[in-house]
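Trainee: I would like to learn how to read a model like this one. Where do we begin?

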Amino acid sequence: QVTLVESGGGLVQPGGSLRLSCVASGSIFSIHAAGWYRQTPGKRRELVAGISSGGSTNYADSVKGRFTISRDNAKNTVYLQMNSLKPEDTAVYYCNAAVVVTTTSPSRWYWGQGTQVTVSS
């Protein structure tokens, strides 16, 4: 049983910052690759930031230079630091992570339930 829980969302003013956290709980050995997605009504869920098992990262063009994804395997946590937030960043943000349950099993991808981020003055 693995559960991903996002936190850190909320209401912020344009130009503000938020740090989202995604904590994996349950029977977990380690977290490999992970990503943050966001979705707004009428739009397809899009990848905002991703991090590979080796630590390499990639970002959507719209957030480059403003968002940073990171991972702390010791805490089973993935983070998304969001700076210089804009109204167009408003969305539900979802965590997606590849989790290894046992040392002899392949990783499986899990989704969190999402956390609302609203950027408005």
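Mentor: Begin with burial. A residue is buried when its relative accessible area is under 20%, exposed when over 50%, and partly exposed in between. Strands are DSSP runs of E, numbered from the N terminus. Keep in mind that this is a predicted model.

Trainee: How many helices and strands does the chain have?

Mentor: There are 0 helices and 11 strands. Read from the N terminus, the order of elements is β-β-β-β-β-β-β-β-β-β-β.

Trainee: And the overall dimensions? What radius of gyration does the chain have?

Mentor: The chain has 14 Å. A compact globule with 121 residues would have a value near 14 Å, so the two agree. The C-alpha atoms fill a box of roughly 50 × 25 × 25 Å along the principal axes. Look at contact range too. Of the contacts with a separation of 6 or more, 56% come from residues 24 or more positions apart.

Trainee: Back to strand 8. Which way do strand 7 and strand 8 run, parallel or antiparallel?

Mentor: To read pairing, count bridges. Two strands pair if DSSP finds at least two bridges between them. Strand 7 (residues 67-72) and strand 8 (residues 77-82) run antiparallel and are joined by 6 bridges. Serine 70 has tyrosine 79 of strand 8 as its bridge partner. Arginine 71 stands opposite valine 78 in strand 8.

Trainee: What lies between the two strands?

Mentor: A turn. Strand 7 and strand 8 form a hairpin with 4 residues between them. Asparagine 76, in that turn, has a positive phi of about 50°.

Trainee: How many bridges link strand 3 and strand 8?

Mentor: They pair over 6 bridges, in the antiparallel sense. There, leucine 20 stands opposite leucine 80 of strand 8.

Trainee: What should I expect of side chains along a strand?

Mentor: In a regular strand they alternate between the two faces of the sheet. Nonpolar side chains in soluble globular proteins tend to be buried together.

Trainee: How many residues does the largest nonpolar core have here?

Mentor: The largest nonpolar core has 30 residues. Those with the most contacts inside it are Trp36, Phe67, Leu80, Met82 and Tyr93. Several strands each supply at least two residues of this core, among them strand 1 (2-7), strand 4 (30-39), strand 5 (46-51) and strand 11 (115-119). Strand 9 gives the most, with 5 residues.

Trainee: Which residues does tyrosine 93 touch?

Mentor: Set aside residues up to four places away in sequence. The contacts of tyrosine 93 then include Leu20, Trp36, Val48, Phe67, Leu80, Met82 and Val117.

Trainee: Let me take up threonine 115. Where is it, and is it buried or exposed?

Mentor: Threonine 115 sits in strand 11. At a relative accessible area of 11%, threonine 115 is buried, because the cut-off is under 20%. Its side chain reaches the backbone nitrogen of glycine 9 at 3.4 Å. Beyond four places in sequence, threonine 115 is in contact with Glu6, Gly9, Leu20, Ala91, Val92 and Tyr93.

Trainee: What is a disulfide, in general?

Mentor: It is a covalent bond between the sulfur atoms of two cysteines. The count in this model is 1 disulfide. Cysteine 22 and cysteine 95 form it, with their sulfur atoms 2.1 Å apart. The angle about the S-S bond is -85°, and the link is left-handed.

Trainee: Which parts of the chain does the pair tie together?

Mentor: Cysteine 22 lies in strand 3 (residues 18-26) and cysteine 95 in strand 9 (residues 91-100), so the pair ties parts 73 residues apart in sequence. Cysteine 22 is buried at 1% relative accessible area. Cysteine 95 is buried at 0%.

Trainee: Now a loop residue. Where does valine 101 lie?

Mentor: Valine 101 lies in the loop between strand 9 and strand 10 (108-111). At 33% relative accessibility, valine 101 counts as partly exposed. Not counting residues up to four places away in sequence, valine 101 touches Val2, Ser27, Ile28, Phe29 and Tyr110. Its C-alpha atom is separated by 27 Å from that of tyrosine 59, which is 42 residues apart along the chain.

Notes: Residues are numbered from 1 along each chain as its sequence is written. This is a predicted model: local features need pLDDT of at least 70, side-chain atom pairs count only at pLDDT 80 or more; totals for chains, interfaces and linings use all residues. Side-chain values use heavy atoms; hydrogens and water are left out. A disulfide is a pair of cysteine sulfur atoms within 2.5 Å. Buried means under 20% relative accessible area, exposed over 50%, partly exposed in between (1.4 Å probe, protein chains only). Contact means heavy atoms within 4.5 Å. A nonpolar core is a set of buried Ala, Val, Leu, Ile, Met, Phe, Trp, Tyr and Cys residues joined through side-chain atoms within 4.5 Å. A polar contact is a pair of N or O atoms within 3.5 Å; within protein, one must be able to donate a hydrogen and the other to accept it, and residues adjacent in sequence count only if both atoms are side-chain atoms. The radius of gyration is taken over C-alpha atoms; the globule rule is 2.2 Å times the number of residues to the power 0.38.
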